[in-house]
Amino acid sequence: MNPYVSKHVTANHSFTSGIEGPACDRDGNLYAVNYGREGTIGIVYPDGSSDLWIELPSGSIGNGIRFSKEGDMFIADYVKHCIYKVASGTKQLSLFAHEPKMNQPNDIAITSDGTLFASDPNWGEGTGNIWRIDQDGSVQLLASGLGTTNGIEVDPEERRLYVNESLQRKIWVYDLDSNWDISNKRLLIAFDDYSLDGMRCDSEGDLYVTRHGKGVVAKLSPTGQLLTEIAIEGKNCTNICFGGIDGKSAYVTVADEGNIQSFRIENTGRCWEMWKE
């Protein structure tokens, strides 16, 4: 295996500049929002072919996507302040959660029992919140008064919640308790330049963060040490996920290229391991 060498998965501009929310299912299919036009979700099959998968309701635009252990897909719609659910094995879209007090549900993370966490930036004011969406679709505000919250992720042991602030270039970590409440906020790392976007953990707890504007994915240790940077083609990488046939492929959405790129990693992705439980 030759890790950290990026290659194209889809053609340039097969997605719009709003490409976001990459997520893989347990069968190795890859999904991302805004395939060909806004308000859609595209699918990339393991053989590399791609197609329109579903269209969201009129006026909706997706951002983050996550899959539960049961195979249900959850989609953050940042325009209509809601989370949609697509039942496993179907294309049946239903409203799972709605909270008009949100600026927007942006990126989402998921636990093994299907609890969701959503970042909620207010780009105009440079502020943000963190919300929890429980299994029944009820929405709880966990934290407010942050910077522009964007990437969000749970660690493999489900004892930590990471959230970054794009404009402030900081990544914070919280402790998670058994009720999925957060506490003990502390700084993991701060960067001096560019911006932060989506991020995901591998199965060993290393955190991969897209550096929007720099055109790299930063790999961090659980203690916040910068281990390496992986270059991609283009500058505006927006998000990342792990999957493929063995869980060791990283997929990166790139806005200025309008495509998905991929590189190999040493460990499996956190969610890939979660599906095997």
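**View 1. Asn 29 and its contacts.** Asn 29 touches Ala 23, Cys 24, Ile 43, Val 44, Tyr 45 and Pro 46, leaving out residues up to four places away in sequence. Contact here means heavy atoms within 4.5 Å. The model is predicted: local features need pLDDT of at least 70, side-chain atom pairs count only at pLDDT 80 or more, and totals for chains, interfaces and linings use all residues. Residues are numbered from 1 along each chain as its sequence is written, and side-chain values use heavy atoms, with hydrogens and water left out. Asn 29 sits in the loop between β2 (15-24) and β3 (30-35). Helices (H or I, at least four residues) and strands (E, at least two) are DSSP runs, numbered from the N terminus. Asn 29 has a relative accessible area of 14% and is therefore buried. Buried means under 20% relative accessible area, exposed over 50%, and partly exposed in between (1.4 Å probe, protein chains only).

**View 2. Two nonpolar cores.** A nonpolar core is a set of buried Ala, Val, Leu, Ile, Met, Phe, Trp, Tyr and Cys residues joined through side-chain atoms within 4.5 Å. The largest core has 42 residues; Ile 41, Met 73, Ile 75 and Ile 83 touch the most other members. Strand β3 gives the most to this core, with five residues. A second, separate core has 15 residues, including Leu 142, Ala 143, Trp 172 and Leu 176. Ile 75 has contacts beyond four places in sequence, among them Ile 41, Ile 54, Leu 56, Ile 83 and Leu 93.

**View 3. Aromatic pairs.** Rings of Phe, Tyr and Trp (its six-membered ring) pair if their centres lie within 6.5 Å; planes under 30 degrees apart count as stacked, over 60 as edge-to-face and the rest as tilted. The whole structure holds six aromatic pairs. Tyr 31 and Phe 67 form a tilted pair, 5.3 Å centre to centre with 50° between the planes. This pair links distant parts of the chain: Tyr 31 is in β3 and Phe 67 in β6 (residues 62-67), 36 residues apart. Tyr 31 is buried at 5% relative accessibility. Phe 67 is buried too, at 7%. The Phe 74 and Phe 96 rings have centres 5.0 Å apart and planes at 65°, so this pair is edge-to-face. Phe 74 lies in β7 (residues 73-77) and Phe 96 in β9 (residues 93-98), 22 residues apart. Ring pairs also link Tyr 31, Trp 53 and Phe 67 into a cluster.

**View 4. A four-stranded open sheet.** The strand order is β14-β15-β16-β17, with antiparallel pairing. Two strands pair if DSSP finds at least two bridges between them. The edge strands β14 (149-154) and β17 (182-190) each have a single partner, so one side of each is left without a neighbour in the sheet. Six bridges join β15 (residues 160-165) to β16 (residues 170-176). Arg 160 stands opposite Asp 175 in β16.

**View 5. Ile 240 in strand β22.** Ile 240 belongs to β22 (residues 237-243). Its relative accessible area is 0%, so Ile 240 is buried. The C-alpha atoms of Ile 240 and Tyr 251 are separated by 5.5 Å, though the two are eleven residues apart along the chain. Contacts of Ile 240 beyond four places in sequence include Pro 22, Met 199, Tyr 208, Val 252 and Phe 263.

View 6. A disulfide is a pair of cysteine sulfur atoms within 2.5 Å. The count is zero disulfides. For Cys 201, the nearest cysteine sulfur is that of Cys 271, 9.5 Å away. Cys 201 is buried, with a relative accessible area of 1%.
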